[in-house]
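Visitor: I have not looked at this one before. Can you walk me through it?
Guide: Go ahead and ask.

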Amino acid sequence: MDRDIKINLPEKVSFIIDRLMENGFEAFAVGGCVRDTILGRCPNDWDITTSAKPADIKKIFSRTIDTGIEHGTVTVMLEHQGFEVTTYRIDGEYEDNRHPKEVRFTPDLKEDLKRRDFTINAMAYNDERGIVDEFGGIEDLENGIIKCVGVAEERFNEDALRILRAVRFGAQMDFQIEEATAAAIKKLSGNLVHISHERIQAELEKLIMSSHPESMRTAYELGITKWIIPEFDNMMETPQNSKYHRYNVGEHTIKVMENVEPNHYLRWAALLHDVGKPIKHTIGNDGYSHFYGHGEAGEKISEEILKNLKFDNKTVKIVSRLVKFHDYDIKPNEKSVRKAVVKVGNDIFPYLLKLRRADLSGKSRYSIELTTPVFDKVEEIYEFVVKRGDCMSRSEMAVNGRDLIEWGLKPGEQVGEGLDYLFESILKNPELNTKEQLKELLKKSFT
Ligand code: ATP
Ligand code: MG
């Protein structure tokens, strides 16, 4: 079925399609870009599908890169922008639940659309034909449905990454997964073990950063998380019987994710902040749940999870530090705030404040009423001490090791102790952070 919807193709995309057509080939914008423009969203990238073979594409355009030539993909460079142009193809039999053994080129657009994952991703467009929608993609877009092209079980058996893509698209667009598609996911989610951790990371990142991070619940219910982040299942199954909480650990976690802005570090920290709770759960004499030491336990587990998902070191370090300190007791006074900044790290302290707010918003009314005034005060004090320029890291001290040596301390241990002592003193009283006063102080205590 062709539909009479006009899409404003970017100039360069039209240029590529026109050149291909002038040379006697068919060419269309295809997949995500068609879906996103119909939805009124800005596409990440514009992919082009064509009946031209890679060799033809390379003849027509002067600057091309062989991106995945064996799969029919050539990148056409226009000025500094690259566009993936892929020959219509049929994927052969799949091996290892992910990669087709071979691909065959085909002259038939419909065959090419058939190999795509979901109906909403299987539409093509050019100005001449309009929208080519062979599998009911527009209807599913209108109804907010993620549905496999063809038989869901077969499609997930071919490529298990599609299982995760289904939930990710659901999260990004707030769509429901169609019944047969969901049933196939439930049945086959175990195939996710064959998918590389880098690909899982990329999909999870998109899900978590979307406006519907609560889709983690869907991923849990469909049996997906068990294979890619089983610690989440443990959280979903850990109760919190206490006056401070109204949700179990997993549901609380989801609330916290919903209540932090879509920042990479914050969303991962929100997901993992209580990951230490399942193993630290005890029930006290009072009958209530306790989770002593869950921050530190969570730090280690987060590190493992993020490394396993092949995250960069910066992410591993920042997120696990936020997890470690998410519950750190900060008293509403200047000294306690400065100490906390030093302990947590100046660089991520503003994140920590946001995480703590979101954490609180997912607790009981009792917690919220008890703690909100304290958080308000702590934040006010933090802003104040930053503005005043209080020293909150060693690099901001008015003296360094060389000064201490000049004043007669022995290099090494003694200088270290001297600096520790002075830094502690400055945290208690930031006004001391001048060379003269620190020298005086040192004289009194180290002679
Ligand atoms: P995004 O917004 O993340 O770019 P997208 O739908 O464009 O979403 P891409 O990974 O860029 O996703 O893929 C482009 C198109 O290629 C998809 O729209 C779909 O038609 C097809 N496709 C991508 N991955 C798969 C897959 N694993 N199985 C089947 N078709 C796929
Ligand atoms: Mg895309």
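Visitor: Which residues does N263 touch, not counting residues up to four places away in sequence?
Guide: N263 touches M209 and Y351, where contact means heavy atoms within 4.5 Å. Before going on: this is a predicted model, in which local features need pLDDT of at least 70 and side-chain atom pairs count only at pLDDT 80 or more, while totals for chains, interfaces and linings use all residues. Residues are numbered from 1 along each chain as its sequence is written, chains are lettered from A and ligands numbered from 1 in the order in which they are written, and side-chain values use heavy atoms, with hydrogens and water left out.

Visitor: Where is N263, then?
Guide: N263 is in the loop between α13 (249-258) and α14 (264-272). Helices (H or I, at least four residues) and strands (E, at least two) are DSSP runs, numbered from the N terminus.

Visitor: Is N263 buried or exposed?
Guide: N263 counts as buried, at 17% relative accessibility. Buried means under 20% relative accessible area, exposed over 50%, and partly exposed in between, using a 1.4 Å probe and protein chains only.

Visitor: With which side chain does the side chain of N263 make a polar contact?
Guide: With that of Y351, at 3.3 Å. A polar contact is a pair of N or O atoms within 3.5 Å; within protein, one must be able to donate a hydrogen and the other to accept it, and residues adjacent in sequence count only if both atoms are side-chain atoms.

Visitor: Switching to charges. How many salt bridges are there?
Guide: The count is 35 salt bridges, each being a side-chain nitrogen of Lys or Arg within 4 Å of a carboxyl oxygen of Asp or Glu. One of them joins the side chains of D159 and R98, at 2.6 Å from N to O.

Visitor: Which parts does that pair tie together?
Guide: D159 lies in the loop between α6 (152-158) and α7, and R98 in the loop between β8 (94-95) and β9 (99-100), so the pair ties together parts that are 61 residues apart in sequence. D159 is buried at 7% relative accessible area, and R98 is buried at 16%.

Visitor: What about R338, which residue does that form a salt bridge with?
Guide: R338 pairs with E334, the closest N and O atoms being 3.2 Å apart. Both lie in helix α18 (residues 334-344), four residues apart, about one turn of the helix. R338 is buried at 2% relative accessible area, whereas E334 is partly exposed at 29%.

Visitor: Last topic, the largest nonpolar core. Which residues touch the most other members?
Guide: I224, W268 and L272 do, in a core of 102 residues. A nonpolar core is a set of buried Ala, Val, Leu, Ile, Met, Phe, Trp, Tyr and Cys residues joined through side-chain atoms within 4.5 Å.

Visitor: Which helix gives the largest share of this core?
Guide: Helix α7 (residues 161-173), with eight residues. A second, separate core has 15 residues, including L409 and F423.
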